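This report asks how the chains of the structure shown here meet, and what lies inside them. Please keep the sequence and the coordinates at hand while reading.

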Amino acid sequence: MNHSHATDKLMVELRDLNKWYGEFHVLKNINLEVKQGEKIVICGPSGSGKSTMIRCINHLEEHQKGDIIVNDIPLNEDIKNIEAIRKDVGMVFQHFNLFPHLTVLENCVLAPIWVKKMPRKEAEAQAMELLERVKIPDQALKYPGQLSGGQQQRVAIARSLCMNPDVMLFDEPTSALDPEMIKEVLDVMIELANEGMTMLCVTHEMGFAKTVADRVIFMDGGQIVEENEPHEFFNNPQHERTQLFLSQILQH
Amino acid sequence: MKYEIQPTLPPPSSMIGVVGWLRKNLFNGPTNSVATIVVGYFLISFLVPTIQWIFIDSDWVGTSRDACTSGGACWVFIANRLDQFLYGFYPETEHWRPQLAFIIMIGSIIWLVLPQTPKKGLVAILLLVVYPIIAYFLLYGDVFGLPQVETHLWGGLTLTLVLAVVGIVASLPLGIVLALGRQSDMPIVKSVCVTFIEIWRGVPLITVLFMASVMLPLFFPEGMSFDKLLRALIGITLFQSAYMAEVIRGGLQAIPKGQYEAADALGLGYWQKMILVIMPQALKLMIPGIVNTFIALFKDTSLVLIIGLFDVLAIGQAANQDPDWIGYSTESYLFIALLFWVFCFSMSRYSQHLEKKLHTGHGNRA
């Protein structure tokens with residue numbers, strides 16, 4: 001059931017990544033390679049550094065040591081590189097972070113028009129196409145405040161896709177949703193995965209991990225504890241810490 | 001148990017109608033009833049004579065104080081002095097110039113306020129960019145055959161409006177820049193902005209005006225002078241921009257971090273992020289604070305009377321000194337208060353209207 005789209009091209013590369021918040025060592029020597037088309041699910045207890053790690057990839061968080069290379073562009077102090085990487089990397093947040101003063105459609109065309117200098121007509125056509133894909137074209141002229149959480153998150157996904165990203169980062173995309181809305185968002189993510197998007201998802205949706213992930217990564221205390229393909233990861237976890245974590249989240 | 005849909009019923013009759021309203025709002029319980037009666041008594045015993053003095057026993061038409069015989073307010077005084085109240089010492093033959101400037105301004109503001117008018121953006125830009133130039137040349141003259149009217153002749157409501165409008169229009173953008181600077185990661189920019197804001201907020205406006213009118217010229221080289229009105233304007237603008245900056249900073253801090261992050265993640269640059277995403281939301285939150293500052297600024301313009309500029313209040317005081325009209329200062333102060341109130345209240349109403357208009361649903365979460 002798992003069709004891997006992975007090619008040989010490296011899309012995201014983290015080498016000896018280290019990050020501190022003041023004295024606190026959040027990320028310790030993280031090494032991770034993500035190939036084009038690969039789907040990675042990252043899980044772990046809260047405070048394990050999983051969100052911080054993916055937020056480093058588009059420089060929402062600054063790292064202090066180590067290298068990050070995205071789509072052959074090194075992430076360094078050069079603002080041009082940061083901007084180039086952000087054009088290639090889409091991100092979906094736990095709390096959607098839609099712009100409440102803009103309609104759904106305006107949310108979607110903002111970055112294409114201002115960052116990619118796309119003509120408005122073209123941007124709107126593309127946005128409508130993507131809203132179609134996340135199944136809410138009829139909400140295009142509403143404001144985010146008028147939509148349900150699940151709809152807002154699907155708009156947020158469409159908004160990211162409007163920039164034609166090569167990589168998508170998902171930071172607990174379903175954690176803030178009511179249970180009956182989780183599926184509609186996961187369905188969109190699964191469809192996206194099936195189309196071959198490179199994805200890094202921080203999530204505790206283990207069903208999603210089993211269905212689409214090429215690899216599952218378990219983090220704890222700022223380190224990658226275990227990394228395996230989903231079947232092995234869930235059925236045969238190697239580390240005690242992973243076993244404990246899985247037993248806790250799979251119990252109910 | 002069988003489930004049936006219950007019909008919706010109208011509320012009980014004691015809740016609706018005039019009687020219902022009175023009972024709910026004025027007479028619900030003995031304490032409230034007593035309060036209503038006591039407050040009502042004082043209101044009536046104050047309002048009746050006031051209204052009588054202002055409207056009923058008052059004199060409106062005439063040319064001198066001999067016309068004021070009814071014992072009420074002597075509006076003849078205001079009517080005879082109206083030109084001075086509105087234009088100060090602006091030459092009478094040129095009164096059409098401030099009038100025209102005022103009409104253009106009010107016209108474009110009404111254009112912007114009305115919901116159906118087209119091309120609001122263009123009008124707003126014209127009002128902010130082209131209008132000040134037109135207004136300046138209209139008032140000052142010395143071009144297109146318009147005789148020059150020096151600024152020391154400007155006065156009355158005209159001068160008040162010039163001070164207020166220039167102060168408002170100039171202090172907002174300056175305040176935005178200062179607020180952004182104060183939030184900046186760059187230490188030099190940040191400390192310059194913080195110092196600027198704290199210095200200006202730490203001194204009273206009167207001192208600023210004194211500095212501008214008395215001290216500043218001492219530092220200029222011999223023979224160089226620049227307009228007293230201009231100096232007052234710069235002083236007021238810088239002073240108010242410091243307050244504005246703090247209001248705006250408050251608004252910026254209320255914007256959730258997620259909005260900055262979403263804009264960053266989409267690849268928007270700093271200015272794009274600020275102008276397209278953060279500022280529109282922050283300004284909406286800041287409307288009450290900004291308008292509050294505008295209103296304070298509008299009223300503070302009357303302080304220029306201490307540096308010898310004849311704003312509407314100074315004109316009123318001068319009129320009170322007129323031996324022909326001595327004893328009618330209540331009328332002139334009331335009239336001036338009314339003028340100030342009309343402008344301030346309009347600003348306040350417009351801000352409420354704006355707030356409602358910009359409200360786009362409840363989902364302002366991060």
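This is a predicted model: local features need pLDDT of at least 70, side-chain atom pairs count only at pLDDT 80 or more; totals for chains, interfaces and linings use all residues.

## The interface between chain A and chain B

The contact between the chains involves 23 residues of chain A and 23 residues of chain B. Together the two chains bury about 2200 Å², of which 61% is on carbon and sulfur atoms. Within the area that chain A buries against chain B, 25% comes from F99(A), P100(A) and H101(A), more than from any other three residues.

Polar and charged pairs also cross this boundary, with six residue pairs in polar contact, both residues of each being at pLDDT 80 or more, and with two salt bridges between chain A and chain B. One of the salt bridges joins the side chains of R86(A) and D264(B), with N to O at 3.9 Å. On the side of chain A that touches chain B, helix 2 (79–88), strand 6 (89–92) and helix 3 (104–114) each supply at least two residues, and helix 3 of chain A gives the most, with three residues. By class, that side of chain A is made up of 13 nonpolar, five polar and five charged residues.

## Nonpolar cores

The largest nonpolar core has 116 residues, and those touching the most other members are L14(A), I42(A), M53(A), I54(A), L200(A), W154(B) and L252(B). Helix 11 (residues 270–300) of chain B gives the most to this core, with 14 residues. When residues up to four places away in sequence are not counted, I54(A) touches I42(A), M91(A), L169(A), F170(A), D171(A), L200(A) and V202(A). Another core, of 50 residues, lies apart from the largest one, and among its members are L105(A), A158(A), M206(A) and F233(A).

M128(A) belongs to helix 4 (residues 120–133) of chain A and is partly exposed, with a relative accessible area of 28%. Beyond residues up to four places away in sequence, M128(A) touches L105(A), P137(A) and A140(A); its C-alpha is 9.6 Å from that of V109(A), a residue 19 residues apart from M128(A) in sequence.

R231(B), in helix 9 (residues 228–253) of chain B, is buried at a relative accessible area of 11%. A polar atom of the R231(B) side chain lies 3.0 Å from the backbone oxygen of A212(B), and the side chain of R231(B) also reaches the backbone oxygen of S213(B), at 3.2 Å.

## Salt bridges

Over all chains, the whole structure holds 23 salt bridges. In one of them the side chains of D72(A) and K9(A) meet at 3.2 Å, N to O; D72(A) lies in the loop between strand 4 (65–70) and strand 5 (73–74) of chain A and K9(A) in the segment before strand 1 (10–21), so the pair ties together parts that are 63 residues apart in sequence. D72(A) is exposed, at 60% relative accessibility, whereas K9(A) is partly exposed, at 29%.

K19(A) and E61(A) form a salt bridge whose closest N and O atoms are 3.9 Å apart, and here K19(A) is buried, at 4%, as E61(A) is buried, at 12%. In chain B, E261(B) forms a salt bridge with K257(B) at 3.4 Å between the closest N and O atoms; because the two are four residues apart in helix 10 (residues 257–265), they are separated by about one helical turn. A network of salt bridges links K19(A), R55(A), E61(A), K257(B) and E261(B).

Methods: Residues are numbered from 1 along each chain as its sequence is written. Chains are lettered from A and ligands numbered from 1 in the order in which they are written. Side-chain values use heavy atoms; hydrogens and water are left out. Contact means heavy atoms within 4.5 Å. Buried area is the accessible area (1.4 Å probe) that two parts lose on being put together, summed over both. A salt bridge is a side-chain nitrogen of Lys or Arg within 4 Å of a carboxyl oxygen of Asp or Glu. A polar contact is a pair of N or O atoms within 3.5 Å; within protein, one must be able to donate a hydrogen and the other to accept it, and residues adjacent in sequence count only if both atoms are side-chain atoms. Ala, Val, Leu, Ile, Met, Phe, Trp, Tyr, Cys and Pro count as nonpolar, Asp, Glu, Lys and Arg as charged, and the others, Gly among them, as polar. Buried means under 20% relative accessible area, exposed over 50%, partly exposed in between (1.4 Å probe, protein chains only). A nonpolar core is a set of buried Ala, Val, Leu, Ile, Met, Phe, Trp, Tyr and Cys residues joined through side-chain atoms within 4.5 Å.
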